[in-house]
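Reader: I would like to go through the assignments one by one, with the cut-off behind each.

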Amino acid sequence: WLEDEAPDGTGPGDSRDTDCATHAYELLQGALRQQGLPPTRDRSAEPCTGFGPLDVTVCVLGSPAALLPILLEGGTRCPGAMVLCLSPSWATRVPSPLCPGSWSLLLARGVTFEAGGHSTLATFDPPRRANYVTGNFVDPEGGWVGDLARDLDCPTGGSVPLARRLEDTLLARWVLAARANLPVPPTLAFVLGDAGHLPTDVGAPGVRLVRLEDPKGQEGLVGQE
């Protein structure tokens, strides 16, 4: 329902925006309103300068919906260091001068956060180099997040493969039961194919795994299990 609300601030684009930056910006404004926080100030017409490689820049990629608490806490503890990147057009990957074969992430635009929940839409000239990168790696609308965060020369807070494994309920229960010997809710799982991400040689107490070659014509097997 937030999508139907008009943003309080001036957005970073218009109806011709093809990479959903405007949509993500509106979601951010809606999330700020829900928290009773002021709208984002647009200072993008006056580029920020003077940022060097030693300045702390924590880049957060993707939609702000699930990341707002991190941004607000970061803005309180280290004002101005948290930079939210809402679009792949706001960042550039360049060959790393420090680590051959890796990439540096340079931010030309972003939303910065300060104490009290204040946020600012800013541009950076020259682009600001990220020292740490995290984000919403499994957002279906943010497939670009994993691409930007791949093979960087700075620490990252995850990856698309890691996020998918952590959010795999079946895998998590198998690890807890088989490796950590912890009780899990009785689980009956039907999977298609070989489910290569799950071991086949070790059972897990409380977890029953049934492999289906084809869901059609196997109603009897499903009913029996």
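Reader: What makes R129 and D153 a salt bridge?

Author: The model is predicted, so local features need pLDDT of at least 70 and side-chain atom pairs count only at pLDDT 80 or more, while totals for chains, interfaces and linings use all residues. Residues are numbered from 1 along each chain as its sequence is written, and side-chain values use heavy atoms, with hydrogens and water left out. A salt bridge is a side-chain nitrogen of Lys or Arg within 4 Å of a carboxyl oxygen of Asp or Glu. The closest N and O atoms of R129 and D153 are 3.2 Å apart, so the pair meets the 4 Å limit. R129 lies in strand β6 (residues 119-129) and D153 in the loop between α3 (143-148) and α4 (160-166), so the pair ties together parts that are 24 residues apart in sequence.

Reader: Why is R129 called buried?

Author: Buried means under 20% relative accessible area, exposed over 50%, and partly exposed in between (1.4 Å probe, protein chains only). R129 has 18% relative accessibility, so it counts as buried. D153, at 17%, is buried too.

Reader: What makes R208 and E225 a salt bridge?

Author: Their closest N and O atoms are 3.1 Å apart, which is within the 4 Å limit. R208 is in strand β9 (residues 207-212) and E225 in the segment after α6, 17 residues apart. R208, at 46% relative accessibility, counts as partly exposed, and E225, at 32%, does as well. The count for the structure comes to five salt bridges, including one between D147 and R150 at 3.3 Å, N to O.

Reader: Why can V222 belong to a nonpolar surface patch?

Author: Patches are made of residues with over 30% relative accessible area and no salt bridge; like charges are joined within 9 Å, and nonpolar side chains (Val, Leu, Ile, Met, Phe, Trp, Tyr) within 5 Å. V222 has a relative accessible area of 34%, so it passes the 30% limit. V222 is found in helix α6 (residues 219-224). With L188 and F190, V222 makes a nonpolar patch of about 220 Å².

Note on methods:
Areas by Shrake-Rupley, 256 points an atom, 1.4 Å probe, with all protein chains shown as cover. Helix = DSSP H or I, 4+ residues; strand = E, 2+ residues; numbered from the N terminus.
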